[in-house]
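Here are some worked exercises on reading a protein model. Try each task yourself before you follow the solution.

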Protein chains: 2
Amino acid sequence: MDIYEAIRSRRDVRKFRTDPIPDDVLERILQAGHQAPSVGFSQPWRFLLIRSPETRQAVRHLFDEANERASAAYTGERRALYDTFKLEGILEAPLNLCVLCDRRTAEPTLGAQSIPETDVLSTCLAVQNLWLAARAEGVGIGWVSILDPSALRSVLELPDGVEIVAYLCVGYPEAFLERPMLEKAGWRDRMPLEEIVFEEHFESKPPEARKPS
Amino acid sequence: MDIYEAIRSRRDVRKFRTDPIPDDVLERILQAGHQAPSVGFSQPWRFLLIRSPETRQAVRHLFDEANERASAAYTGERRALYDTFKLEGILEAPLNLCVLCDRRTAEPTLGAQSIPETDVLSTCLAVQNLWLAARAEGVGIGWVSILDPSALRSVLELPDGVEIVAYLCVGYPEAFLERPMLEKAGWRDRMPLEEIVFEEHFESKPPEARKPS
């Protein structure tokens with residue numbers, strides 16, 4: 001698939017079919033992630049594949065708890081709209097993929113001394129690589145960010161120095177929507193490019209002017 | 001360009017030609033960044049285009065200071081090898097692009113309450129989108145991470161609540177190297193995929209076993 005087509009048509013998927021992803025497809029997607037740029041060629045990303053129903057059930061439980069708290073931050077129509085959204089596909093998707101950053105190093109990572117979190121940023125670049133490769137393979141990915149990170153660490157039994165960067169649901173989608181679900185539902189509008197590009201100096205409208213529509 | 005070809009052949013570029021990037025090419029690259037996924041459709045990325053020689057000279061000065069400190073972390077052969085590396089192209093590249101995250105919001109961002117830094121992670125996804133689009137356009141990008149972030153904030157006069165995520169040099173490259181420069185120079189080896197993929201449970205070698213080659 002053409003790179004621009006993959007970028008344009010990639011979606012955050014929450015509705016999955018349950019059929020598994022063939023091994024060769026999954027390997028191409030993970031290899032794409034592994035070819036991301038990383039600070040000092042550190043390749044700090046680690047891909048934890050989770051299929052166990054027990055683990056996924058535990059993660060889904062964490063989502064339910066966190067989502068109840070999150071929903072309570074909104075009121076009135078916004079709250080009602082929020083509560084209509086399906087925001088995860090943890091149990092339906094045949095695969096959950098937790099993308100980790102291994103921050104333990106034997107020597108200082110080249111290029112990471114001024115900004116130590118650069119390894120986490122590198123790991124995000126891997127996420128986008130594999131997200132786009134998945135799109136080209138017809139595979140959907142959904143990022144679940146409504147999870148208490150320390151509770152998730154406990155469920156996954158991660159050692160110190162290894163951080164969670166992304167918790168992804170992976171599987172064939174019911175459909176790739178033409179527009180993002182939150183745009184279609186009127187939660188927020190897409191910003192015009194002119195509003196996010198600045199020449200020489202950053203000067204933006206105050207947040208009051210950028211209220212959700 | 002095919003998505004897998006863009007992913008495979010993308011490089012962190014440090015040696016640039018000085019000819020400018022045509023406006024239509026730059027717009028396609030920025031639009032690709034703007035089509036990244038973002039938590040709650042927040043689109044928190046801001047693209048600050050810097051061409052001013054004065055600003056770039058000031059940033060280059062920050063690099064020189066930070067790089068002297070960074071180099072001092074290595075000794076012996078590693079230090080000698082480090083000092084051979086060209087790690088930025090701030091003045092040669094016709095364009096510097098500072099990718100910012102506007103963290104100021106009028107209401108809590110959907111999906112960002114459990115993990116507030118999700119907006120910064122979203123901004124990284126935009127970086128990888130535009131990096132791949134640039135590759136497809138024959139344009140090189142190099143990420144300069146050897147910069148003191150607070151000093152860079154001062155040079156760029158950023159308001160509170162707007163964070164620097166990436167400082168990129170953008171321009172036509174002298175060449176796209178077949179392999180990453182740090183791999184070719186023997187600074188680190190590429191890890192085999194088996195070492196970074198885990199099934200159900202994360203268990204990794206201790207860092208001592210993962211010393212740079």
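**Exercise 1. Look at strand β3 (residues 140–143) of chain B: which residues lie on each of its faces, and are they buried or exposed?**

Step 1. Learn the terms. Strands (E, at least two residues) and helices (H or I, at least four) are DSSP runs, numbered from the N terminus. A residue is buried if 20 or more other C-beta atoms lie within 10 Å of its own, exposed if 12 or fewer, and partly exposed in between, with C-beta atoms placed from the backbone.

Step 2. Sort the residues by face. In a regular strand the side chains alternate between the two faces of the sheet. Here B:Gly140 and B:Gly142 are on one side, with B:Ile141 and B:Trp143 on the other.

Step 3. Conclude. All four of these residues are buried, and both faces of β3(B) are covered.

A word on the source: this is a predicted model, where local features need pLDDT of at least 70 and side-chain atom pairs count only at pLDDT 80 or more, while totals for chains, interfaces and linings use all residues. Residues are numbered from 1 along each chain as its sequence is written, and chains are lettered from A and ligands numbered from 1 in the order in which they are written.

**Exercise 2. Find the strand that β3(B) is joined to by 4 bridges, and list some bridge partners.**

Step 1. Recall that two strands pair if DSSP finds at least two bridges between them. The partner is strand β4 (residues 162–171) of chain B, and the two run antiparallel.

Step 2. B:Gly140 has B:Gly171 as its bridge partner, B:Ile141 stands opposite B:Val170, and B:Trp143 is bridged to B:Leu168.

Step 3. Look at the other pairing of β4(B).

**Exercise 3. Describe how α5(A) and α5(B) cross.**

Step 1. Recall what is needed. Two packed helices are described by the angle between their axes and the distance between the axes.

Step 2. Read both values. The axes of the two helices (residues 118–136 in each chain) come within 8 Å and cross at roughly 60°.

Step 3. Classify the angle. Under 35 degrees counts as roughly parallel, over 145 as roughly antiparallel, 65 to 115 as roughly perpendicular and the rest as oblique. The two helices are therefore oblique to each other.

Step 4. Name the residues in contact (C-beta atoms, placed from the backbone, within 7 Å). Among them are A:Leu121 and A:Cys124 of α5(A), and B:Leu121 and B:Cys124 of α5(B).

Step 5. Sort them by type. Ala, Val, Leu, Ile, Met, Phe, Trp, Tyr, Cys and Pro count as nonpolar, Asp, Glu, Lys and Arg as charged, and the others, Gly among them, as polar. This contact has 8 nonpolar, 4 polar and no charged residues.

**Exercise 4. Decide whether B:Ala66 is buried or exposed, and find what it touches.**

Step 1. Locate B:Ala66 in helix α3 (residues 53–71) of chain B.

Step 2. Count. B:Ala66 has 23 C-beta neighbours inside 10 Å, so it counts as buried.

Step 3. List the contacts. Leaving out residues up to four places away in sequence, B:Ala66 touches A:Ser114, B:Ile146, B:Leu147 and B:Asp148.

Definitions and conventions:
Axes are lines fitted to C-alpha atoms, for helices over the stretch in contact, and angles run from 0 to 180 degrees between N-to-C directions. Two residues are in contact if their C-beta atoms, placed from the backbone, lie within 7 Å.
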